[in-house]
Structure formats: structure tokens, C-alpha cells
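Me: I am new to this structure and would like to go through some of its local features. Could you take me through them?

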Amino acid sequence: MRTIRLFLILLSFTVSFSIQAQQPKKPNAAEIQLMLQKLNVLGSVLYVAAHPDDENTRVIAYMANEKKFNTAYLSATRGDGGQNLIGSEIRELLGLIRTQELLAARRTDGGQQYFSRANDFGYSKNPEETFEIWDKDQVLADFVRVYRKHRPDIIITRFPGTGLGGHGHHTASAILAKEAFELAADKKQYPASAEKYGVWQPKRLLFNTHPFFYRRAGIEMDTASLMTLDLGAYNPLLGKSYPEIASLSRSMHKSQGFGSTGSRGTQIEYFDHTAGDRSSDMFDGIDTSWRRVKGGDKVGYHVDNALMHFDPTNPSIIIPDLVQAYKELEKVKDAYWKTIKQQEIKDLIKACTGLYMEVKADQFAYTPGDSMMLSVESINRSAIDMKLVSIKLGDVQSFDVNQQLINNQPFNMDRKYLLDEDAVYSDPYWLREEGSLGMYKVADQNLIGTPENAPALSWIATVEIEGALLEYELPVIYKENSPVDGESYRPLEVTPPVFLNISEKVYVFGNGASKKVDVQVLAGKSGLSGEVSLDIPSGWKVAPENYAFELNDKGAEATFTFELFPPATASSGEVSAVANIGGKAYNNSLVRIEYDHIPVQALFPVSKAKVVKVELEKRGTNVGYIVGSGDEIPASLEQIGYQVTELSNGDITADKMKNYDAVILGIRAYNTNDRLKFYQEELMEYVKNGGTMIVQYNTSHALVTKDLGPYPLQLSRDRVTVEGAEVRILKPAHPVLNFPNKITNADFEGWVQERGLYFPNEWDEQYEAILSSNDPGEDPKDGGLLVAKYGKGYYIYSGYSWFRELPAGVPGAYRIFTNMISIGKE
């Protein structure tokens, strides 16, 4: 467990509405009134689906703000297998972005967020395939754990368990939701979570259906037997309709391109019964009043008084009612509702009194053993009598304060702290240990289901108001003033003392000699000295063996260049950078993800790079690249000696492109670059004059032009999701398979995540289909690699997943891609 050693200089404390790294919430009077109304509702809803962005934000916004239920979304995965429209991050890094996008969405629509340990390994076509890769029992245990923790009266799935949801993960999430519904009340099933949270039986399980599910089956949706809700209501306290709130929430999924425009007026949603009590009213039989818990009527009496006395011009007038409600709530034995409503009352008291308290660290990153200077600001902005009684640091130390907080009189101080030498690093908990293809490994069972780490440092402050002692557990924060954005927050980090960043993720050695490997050594604290070296696979050689380094200042850096020599024959493995400091080895790299719509994310993965020795010939040197939604193909091509130039729109002319051996379009370029429809004629002229144009996959939805090539072709949703699926060579004599590298079935070994996606399923006879593949039990998909001669040049369309294979260092992918660039250069 994380601990902090305290050295007392001045008394300090913090109370904050802050979610980690977010600016503290300061509710206005309308929001306070909504919070007060929610206090009087004891109902709970859980929405369940497979990925970030699967959730129906209209339902969540409605349940949280209109029905005022304790509302949450359980996403089976963190969306690691999706595509990234805002950057080049994929896999676990994309999962981290999408996790934070979900949290931003929940801050917008009023819900909470849960996850299972399932890893989004990419598209699957049915639940059987999904459960071959996920550990079904572990994911089911996580679902049951969330049911028992959240105690939903109603569970709503986004997808049916029949397969009409398309993606295998979608169907799997519905299957798991139903099985968990039947198991959560049985204490013999998954006894660890039963012991921690108790057992729970939800009232009913519903499927949030939609006409498109029925259209997939070729039938019309019969609404007569379905439950309905009109989610189009307007919330005057929030000044928005629920579809407007939902669109703001959905627009947080920026990496998936799900910006949404709000709507107004009636909007009907349909729900089908799946399990539990049947009723035409989904809320039938659910008591959401204070009568639900023994002794709750006395709490409800004081909450009713608070609602009756509430004055938006003087919210603190209801503090006596809230304090009395809190005192009565302490007598209630129902631990679930007691905990939730105690926190809601404390949040209301803080909001009604304008109480602002925070502790700000002087830096955003520290290493174990570091000294920290903390600045305290607190102010009570009401006439309510208030006293800070004490501060408790974890379970270790408590300090009496007894400081009166006087109306609108700031209370400021500084204080010094020392982090323990064994303080835990603050990288994402689910990435600290290596898991499997389908599952994250989480050692601490208490973290399962939680969306992110707890704050790096937390405090508990006890405040006395109207004779009640209220405890607030809150994070230490870091903020600074930005000349552009003003007050800016970011997460507090506990980091390793040294970082080792290898300059490339993959080093591909063709038929050339050695390569330079640069290792950046970055000081996480002052006064570092030691040695840096490379651990290499058997058969490889490195020179020199190590370098000595000395970094006196925190943030200082130095770069050391090693020369890496491959073996004579084909080989692959990993190199890792290691720093030895005072007899202790460190091998962490530093990755920070920074986007405006989410908090800065830091992680410290092992500093390593894949190294591949491949038999590789190439022709040509200069490549032009038109960026799509973001990928790492340019860096991958530079690994094998190509000079890659990113082309802006003004560069896309036949005359300017004539000096490039090939022009390559990044993934989804025809979905994301609106200008391409105006440059298509120039691109075709470039090919006609002897150029080679390579187009990577696009989706058929939202194409900026349907004329993707010199001859007609039609995109589909055909894909091959099994990365080991057989690939059959249809044109063994074609130049793209023979020059300058002879392509064989061995070149399709070791692929990751998938073969390819969104293959064309119709094309003009001028195209030659080179390869064929399909998932088990399906018809052949021949449109993954189409090559056409056009004028003096070549046009290639390929749906194979080069954007995953090249950065992963798949040898055969480099050989085939090199052949595509080299076509026509015999």
C-alpha cells in the first residue's frame, strides 16, 4: 500500500470535489437543487455493453438526471482494439485514452463507470470466438462483482444475446450480463465478492432494443410488446434536454470520431424483457423512497424539509436540515444506501456553504523518498459555523487542528512532506503486470472494476458543522496557471527515479549491417549517477557494453548511442534498456499522453524495443505519405531505409509527386481528409504518369468520395479477424509477390490482432485480386489486396492491417509492403 511520511511544519488539510486531475466542481444553485432532489431517490440502474462508446448516453443521462437513480455503465473492455482518429496510439495506449474518454462522458451525463478485466483484442464475429480469447469465468466474476457492488434494481444491455449485435464482444457482453443476473444472488458463486459486498438480486434485466437489430434479421420491430421511455424531456435546472446532454457526453469519444449533435423533442427508446420480473413498466415494484431502508423515514423527513426550505439565493439555509438527515442516516443499517447517501449529503453541505479546500503540490511528479512542499487554501463562504477538527493521513497519522473557518476569510499555509521509499508508482493499475491477449492481470482484487487509479496522494479531513463531524477523503492536486487556459490541473504522479526511452519501438534489420540504438536517460530526481546498458537477445551483439551517466538536476537528460549488430540469419527478439543506480536496476520508460479533452496520462512501461532481422530487398527510396486517422507506418518504413515525406494538401499535385517512388494513403484517409475528393484527379494523374499509389483501408461510411481508384470498387464490412487465418495466394506469379522479395505462406506467420478489415467485395475486372483469406466457416474474402495497372503506373488498394503489423515488427508484413512500394521497378 502507498504510504507517506509526514514532517509537520504547519497544519494543513484539503476538501475538494475534484476528480483526479479535474478542476474542482463548484455547483451552482440549480445543480445544488438537482443534487438535493437526487438525495431523496433510492434507486439504482446499471447499463452494460462491451466497449467505450457502446453505451446509450441518452438512457444514462435520463436515468441519472430525470429519474435521479444511482446510474452507472459497465463496459466489458477499455476499447484497446479500436482505431484512433486523433493520434497514433493503439492497443493499450488507446485503451487508456478511451478509459479517460468514458470518464469524461460520465462527468457529462451524471453516471459512474466500471470495467471488467477483459482486453479488447480486436473485432470478433461471434461470442464463441470471443470466449476463446477472454477468460469467460474471470469476466463473469467481474460482472458479478460489479452487480454486487453497485446493486442495480434494473440492468439494461445495449445488445441482445442472439448475435444480432454484430461484434462478438457485443453478444458476449449480453450473455455475461444475463448469466451474472442469475448468479449474483448466490453466495456460493464467486464467494470473494459475496463476502466483500454481499449478494444481490436485481429486479429485472432489459435489452435496450432498436430497429436496426431487427433489420439485421430481416424483420420489423414489433413495438406493441416493448416497454417505452420518452427520453426527450427537458431539464430546466440543467438547461438542456436529455438528448442534448447525451450528445455532449457521446462527443467525449473523440478518438472514435463520435462527435454528436443534440436534439430536442420527443425521443422514444424501447426496452425488451430479458430476465427477472415481467411488467409493462420497467420501474414497477421498485421502491425508490426512503421507506426502502429501515429508519429511512426519519432521514426522508429532514430531506423533505431541506427541499421545502431550499432558497437558491441562500443555499446554506438548509444546512441544519441536511445535518439532521446525516445524523439520522448514521442510525441506518443498510450499508449500501447509507454510504451513498452520506456522501451525497456531505457533497451538498460543501456545495451549500461554498466550502473550497485544496492542497496543491509544488510539482506534478515525485519519486519515492522525495520531499514535497504543499500549499493549502481553504475558505468557508457562508455564515454557517464551521471548524476543521483534524487531518488524518491514511491509517497512519492523525493531527488535531481545531481551526475555526470564518465566513469568507481565507485560510492558507505551506507544509512539507516526505514520500516513503516504497511509495507505489502511479501508472495505470491494469498495465502494471503483463496479462494475456484477452485479459488484463490485476493483482489487487479490490481494484477490479474500478475505472482508474486512486489519486497518487489522498487526505482525510474532519470538519465539524452543526455538531456533526463530517469526513472528506480528497486528493492532493497539482495546478498551474497557463497563459492561454488560465487555471490548469493535471494528475499528481509518483514515478521511478530514472526513465530510459529507446528511440524506436521496432528495429528492422534488412540485408544491411548494424543499426544505431539511441537511449535517452531522463532524471526523475536530482543527483543521479549510474550506468546504462542494453539487454539483447542471444546471437545479437552490442557496442559498447555500457555508458556511465551523471544527471545532477531533475528533468536533465542525456542520450547514449549503442550499435546493435544482428545475427547473420533471420531472427527476432527484444532489447531492453537498464540503468544501474547504487546497485539497483531500473528499466522503466516514460510515456505521457496529452489531449485537451482528458487529463494527462502517464505510464512507465518496461523500456524495450522489438528487433527483427529479416531477409529483405527493396527498390526505391522516396515515399510520400498522406496522413489519415493516424498510424505509425511512416516510422516503420523509415526503419527499412525509406525517406518518408508527409504530404500536405498543397503537395498533392501530379507534378510535385512525380519524384516519389510511391504515394501512400494512411488508414481511413478517405474518411477523414475532406480535401481528398478535390485531389483525387491529381492522384490518378500521378499513377497514370508512372507512379505507385497505395491506399490502406477505409470504411464505407462517410467516404469523402466514392471514386477511390482509377476503376470502380465497392467497400464492404468484410474482414478477417483471426490473425492466424489461412492466406491463400491467388496470383503466385504476380510481380507484387515476387519482386524484390519472394512472398510465401511463411510471410503470413506471426501476425497480430487480425488479418484485415473492410475489404472491397466488388471491383472492376481491371483489378487483380492477389490474396484470399477468411475466418473459420466463412466464404473466401478475395478483396484484401487489389492491384491495377493504370497508364504507366500501379494502383493498389489493401485492407490488410499493415498499420498493426509493421509497428509490431512482423517480418512478412515488411516484405510484402516493400514489394508494394517496389512494384514496377524491376
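Reply: The buried residues of helix H5 are Val139, Leu140, Ala141, Asp142, Phe143, Val144, Arg145, Val146, Tyr147, Arg148 and His150. Here buried means under 20% relative accessible area, exposed over 50%, and partly exposed in between, with a 1.4 Å probe and protein chains only. This is a predicted model, in which local features need pLDDT of at least 70, side-chain atom pairs count only at pLDDT 80 or more, and totals for chains, interfaces and linings use all residues. Residues are numbered from 1 along each chain as its sequence is written, and side-chain values use heavy atoms, with hydrogens and water left out.

Me: How many residues of H5 are buried, out of how many?
Reply: Eleven of the 15 residues are buried, and H5 is mostly covered. Helices (H or I, at least four residues) and strands (E, at least two) are DSSP runs, numbered from the N terminus.

Me: What span does H5 reach?
Reply: H5 covers residues 136–150 and reaches 21 Å from its first C-alpha to its last, close to the 21 Å expected at 1.5 Å a residue. The expected span is 1.5 Å times one less than the number of residues.

Me: What follows H5?
Reply: Arg151 follows H5. Arg151 has a positive phi of about 55 degrees although it is not a glycine. Arg151 sits in the loop between H5 and strand E5 (154–157).

Me: Is Arg151 buried or exposed?
Reply: Arg151 is buried, with a relative accessible area of 19%.

Me: Where is Tyr758, and what is its phi?
Reply: Tyr758 is in strand E40, and its phi is near 55 degrees, a positive value in a residue other than glycine. Tyr758 counts as buried because its relative accessibility is 10%.

Me: Changing topic, which way do H3 and H9 run relative to each other?
Reply: H3 and H9 are roughly antiparallel to each other. Angles over 145 degrees count as roughly antiparallel, under 35 as roughly parallel, 65 to 115 as roughly perpendicular and the rest as oblique. The axes of H3 (residues 92–109) and H9 (residues 242–250) come within 8 Å and cross at roughly 160 degrees. Axes are lines fitted to C-alpha atoms, for helices over the stretch in contact, and angles run from 0 to 180 degrees between N-to-C directions.

Me: Which residues make that contact?
Reply: Ala105, Arg106, Thr108 and Asp109 of H3 meet Ile245, Leu248 and Ser249 of H9. Contact means heavy atoms within 4.5 Å.

Me: Where does Lys731 lie, and what does it touch?
Reply: Lys731 lies in the loop between E39 and E40. Not counting residues up to four places away in sequence, Lys731 touches Leu737, Glu768, Ala769 and Ile770. Lys731 counts as partly exposed because its relative accessibility is 34%.

Me: What separates Lys731 from Trp337?
Reply: Their C-alpha atoms are separated by 67 Å, and the two residues are 394 residues apart along the chain.
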